Amino acid sequence: MRTLFEMDTRDYDPNGRTFVRPSVRGIILRNGTVAMIHSIKYDYYKFPGGGIESGESQIQTLIREVQEESGLTVLPDTIREYGNVSRKQKSDRIGEYEIFIQDNYYYFCDVAADVGKQALDDYEKDEHFTLEWVRPEYAIAINRTRDHSPKEQMMLEREARVLEMLIQENYFVQDAVIRHAEAADYDGVESIMQGVQQLHVDWRPDIYKPADTVYPRDYFDRLVAEKRLLVAEVDGTIVGLLSFMYRHIASDKQVTRDVIFVDDLAVKEKYRSQGIGTQLLNLMKEKVTDEHLDGLELQVNARNIAARKMYERFGFTEKSINLELL
C-alpha cells in the first residue's frame, strides 16, 4: 500500500517506550459526497474505522468497524486499497509509554443500500457518533475551524489531508458531461473496455482471457454512426460509457415486446460511486419512455457484486439466472 503522507510531531523522547496501534478506515463515496462519522459533541468528522483487534486482518477490521460506527454493510468484493498515513507523536499517557505510533490504512469500499444499527463503544455514544454524507470541503472546514477540545487536532488534520488528496485526485465528481460518442473517443473507450475485460479475466480465468482489442474499430464506428454509444466525460477525459441495442422480441410463446438492452456499462475505477453510472442509466430510462418501448434490460456477471447492487438500487429486478456445471 502506498504512503499518502507522514505526520510526526518530534516532541517526544526517541528512546522512550512506544505504543503501536494500527487502524483501518473506510472511504465510501456516493454522488460527490463521502460517508463520515460526525461527533456531535465535539463537532468533528472522521472516516469510519478504528483499531485492528488481535487476530484480525485489515479487511476484517474494515468491515467490522464500518458496521459498528456507521451501520453500513461493506460489500467485500468492492474493497480496494487507497493508502497509508503514519502518525507519530508524544503520548498523552506518560508513565505508561512516551511515544504513540499509528499506521492508518485507508480502503475504498462500497456498501449495501440499507443502513443497519450502530454498535458504539461508550465514548462513541457519549460523543453521539452520527453517520453523515457530506461534501469533503465541508468536513475539511469543520475539522480545521471549529473548537474540538479536548480531541486531538492531529487526528482531525489527518482526516482533512486525506480528504484534500481525494479532491486533488478527482475522486469527487459532480457533473460529468454525457454525450454521444465521436470518432475521436475510440482510444478512451477502448481503454475502459480493456479494464472491463481484465476484471472478467480476474474473476473467471477459466473462461475469459486478455484481448488485444475489446472494441474492434469497425464495431465502434458502427455504434457511433447509429448513436448507440454514450460516453461520460470529465475535464476532457472519457471516464465512463454505455452501449446499447434495440431488441424486438416476438414468437409463438412470448408476448411481443420492444426493449433496449444495455450491452456494456462501465466507469473508470477512480470515478465510481459518483453517480455516473446512474446518469447513463437515467438517459436510457428516458429513452424507453420517450420512444414508448416496453422496458430496459441488461446482464451482470455473478462476480460483479458492486454493479449488481447499483442496478438493484436503480430498480432492476431479476429476470433469469444462468447456471453452469463444470
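User: What should I know about the numbering and the model before we start?
Analyst: Residues are numbered from 1 along each chain as its sequence is written. This is a predicted model, where local features need pLDDT of at least 70, side-chain atom pairs count only at pLDDT 80 or more, and totals for chains, interfaces and linings use all residues; side-chain values use heavy atoms, without hydrogens and water.

User: Why is S251 called partly exposed?
Analyst: Buried means under 20% relative accessible area, exposed over 50%, and partly exposed in between (1.4 Å probe, protein chains only). S251 has 37% relative accessibility, so it counts as partly exposed.

User: Where does S251 sit?
Analyst: S251 belongs to strand β13, residues 237–251. Strands here are DSSP runs of E with at least two residues; helices are runs of H or I with at least four; both are numbered from the N terminus.

User: What makes the approach of S251 to K253 a polar contact?
Analyst: A polar contact is a pair of N or O atoms within 3.5 Å; within protein, one must be able to donate a hydrogen and the other to accept it, and residues adjacent in sequence count only if both atoms are side-chain atoms. The side chain of S251 reaches the backbone nitrogen of K253 at 3.2 Å. It also reaches the backbone nitrogen of Q254 at 3.2 Å.

User: Why is D43 called buried?
Analyst: The relative accessible area of D43 is 18%, so D43 is buried. D43 lies in the loop between β5 and β6 (44–46). Its phi is positive, about 55°, although D43 is not a glycine.

User: How do you know that the span of α4 agrees with its number of residues?
Analyst: The expected span of a helix is 1.5 Å times one less than its number of residues. For the 16 residues of α4 that should be 22 Å, and the end C-alpha atoms are 22 Å apart, so the two agree.

User: What caps the N-terminal end of α4?
Analyst: E152 does, with a side-chain oxygen 2.9 Å from the backbone nitrogen of M154. Just after α4, N170 takes a positive phi of about 65°.

User: What makes a set of residues a nonpolar core?
Analyst: Its members are buried Ala, Val, Leu, Ile, Met, Phe, Trp, Tyr and Cys residues, joined through side-chain atoms within 4.5 Å. The largest such core here has 25 residues, and F47, Y82, V162 and L166 touch the most other members. α4 gives the most to this core, with six residues.

User: Which residues does L166 touch?
Analyst: Contact means heavy atoms within 4.5 Å. Leaving aside residues up to four places away in sequence, L166 touches I27, F47, Y82, F108, Y171 and F172. A second, separate core of 23 residues includes A176, Y271, A307 and F314.

User: Why are β11 and β15 said to stand at the edges of their sheet?
Analyst: Two strands pair if DSSP finds at least two bridges between them. The open sheet has five strands in the order β11-β12-β13-β14-β15, with mixed pairing. β11 (177–180) and β15 (295–298) each have a single partner strand, so one side of each is left without a neighbour in the sheet.

User: How do you know that β14 and β15 pair?
Analyst: Four bridges join β14 (residues 254–267) to β15, and the two run parallel. At least two bridges are required. F261 has E297 in β15 as its bridge partner.
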